[in-house]
Amino acid sequence: MTAYVGIDVSKKKLDVGFYSDKLGKNGQRKKKTKAFKNDRQAFSQLESWLTQQTQHDAQDIAIGIEATGIYHEALIYALHEQGFKLFIANPGRAKKYFESLGVTHKTDKSDSLLLARFTEDKAHNGDIVWWEPESPEARHLKLLLRRLKALQKDALREKNRLEACANTDTSPRVVKSIEDMIAVLNEEIKALLKEIDDHIDGHPQLKKNRELLESIDGVGPTVSRELTSLFSVKRFSSAKEAAAYLGLIPRLQESGSHKGMTRLSKIGPSAIRALLYLPAVVAGRRNPDIAYQKQRLLAQGKTKMQAIGAAMRKLVQICFGVIKHQKEYRPQTSFSV
């Protein structure tokens, strides 16, 4: 017997809810909810409360959590260490499930109960993948890349401020401050890039995956670095699932002046999607499979942007293929580029 629990996660709070096996006066299962702080000190309180209230051991408690940026990360590692089964719900699919139940009024408390129902239904239908933590080296790579992106954003902001100084009456002291900050940031970015590359080279599987990715025409060091991390952290069952996660699946426009046209869903990590744009453009010229697809789509009347979107999707699918089969890229078409 498994107890199903939902946790709605926010920056400072965890709303926990589940349906008891006991029935209330209305003939429906009783609800139990409680709020906890979202910090490590409160996690042990949460763990004790769950086992006491459900009267189940940790391994017999399945917890559904909706992915919320980074705010759920510390929690899921702590719960996994205690033996709880974890399901990380896709926010888009969870929303559709809630809508299918006719839910109109949503609160943090009700969301936790809905997540519990969502997890239970998926488990009973055999349509669930329990979360497992990535390897320590994959997690370390993910955190290094996260820090790199933060520094790159800071450097870009400072460069924009420096450009603005050229059009304003800015004091030399302010200009120097900005220039000094850019220099420090660039130095730290350079050092972090080396550490990331050394980390990948220091772990055979990460190194091999990066080499496989760079065997693909259009994939350079920046993209291979990012996708090496992605494929070591996420366990995709198919190339289509990988493309869908990155928001590269076409979606039909149902209203407005563009009704009937297809556009990318753009659900998922926008930063990786942005990184894939230029490589897809390059692949449209140099990669035989993608160049052939591009010409075929343009001949069918597709727009240039639709062809680039398809190229981004195809590129990710090829990347998934070389990682899955652990073989270097070999073009499937003899199209001349």
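Reader: How do the axes of helix α10 and helix α12 cross, and within what distance do they come?
Author: This is a predicted model. In it, the axes of α10 (residues 270-286) and α12 (residues 304-325) come within 9 Å and cross at roughly 105°.

Reader: Why are α10 and α12 called roughly perpendicular to each other?
Author: Angles from 65 to 115 degrees count as roughly perpendicular. The crossing is at roughly 105°, and therefore α10 and α12 get that label.

Reader: Which residues in α10 meet which ones in α12?
Author: On the α10 side you'll find Arg 273, Leu 276, Tyr 277, Pro 279, Ala 280 and Val 281. They meet Met 305, Ile 308, Ala 311, Met 312, Leu 315 and Val 316 in α12. Sorted by class, that contact has 11 nonpolar residues, 1 charged residue and no polar ones.

Reader: What makes His 56 count as buried?
Author: The cut-off for buried is under 20% relative accessible area. His 56 has 16% relative accessibility, so it counts as buried.

Reader: Where is His 56, and what is it in contact with?
Author: Look in the loop between α1 (40-54) and β4 (61-66). Setting aside neighbours within four places in sequence, His 56 is in contact with Met 1, Thr 2, Ala 3, Thr 51 and Ile 61.

Reader: How do you know that a polar atom of the His 56 side chain and the backbone oxygen of Thr 54 make a polar contact?
Author: A polar contact needs N or O atoms within 3.5 Å, and these two lie 2.6 Å apart.

Reader: Which residues of helix α2 are buried, and what follows the helix?
Author: In α2 (residues 73-81), the buried ones are Glu 73, Leu 75, Ile 76, Tyr 77, Ala 78 and Leu 79. Gly 83 follows α2, with a positive phi near 100°.

Technical notes. Residues are numbered from 1 along each chain as its sequence is written. This is a predicted model: local features need pLDDT of at least 70, side-chain atom pairs count only at pLDDT 80 or more; totals for chains, interfaces and linings use all residues. Side-chain values use heavy atoms; hydrogens and water are left out. Axes are lines fitted to C-alpha atoms, for helices over the stretch in contact, and angles run from 0 to 180 degrees between N-to-C directions. Helices (H or I, at least four residues) and strands (E, at least two) are DSSP runs, numbered from the N terminus. Angles under 35 degrees count as roughly parallel, over 145 as roughly antiparallel, 65 to 115 as roughly perpendicular and the rest as oblique. Contact means heavy atoms within 4.5 Å. Ala, Val, Leu, Ile, Met, Phe, Trp, Tyr, Cys and Pro count as nonpolar, Asp, Glu, Lys and Arg as charged, and the others, Gly among them, as polar. Buried means under 20% relative accessible area, exposed over 50%, partly exposed in between (1.4 Å probe, protein chains only). A polar contact is a pair of N or O atoms within 3.5 Å; within protein, one must be able to donate a hydrogen and the other to accept it, and residues adjacent in sequence count only if both atoms are side-chain atoms.
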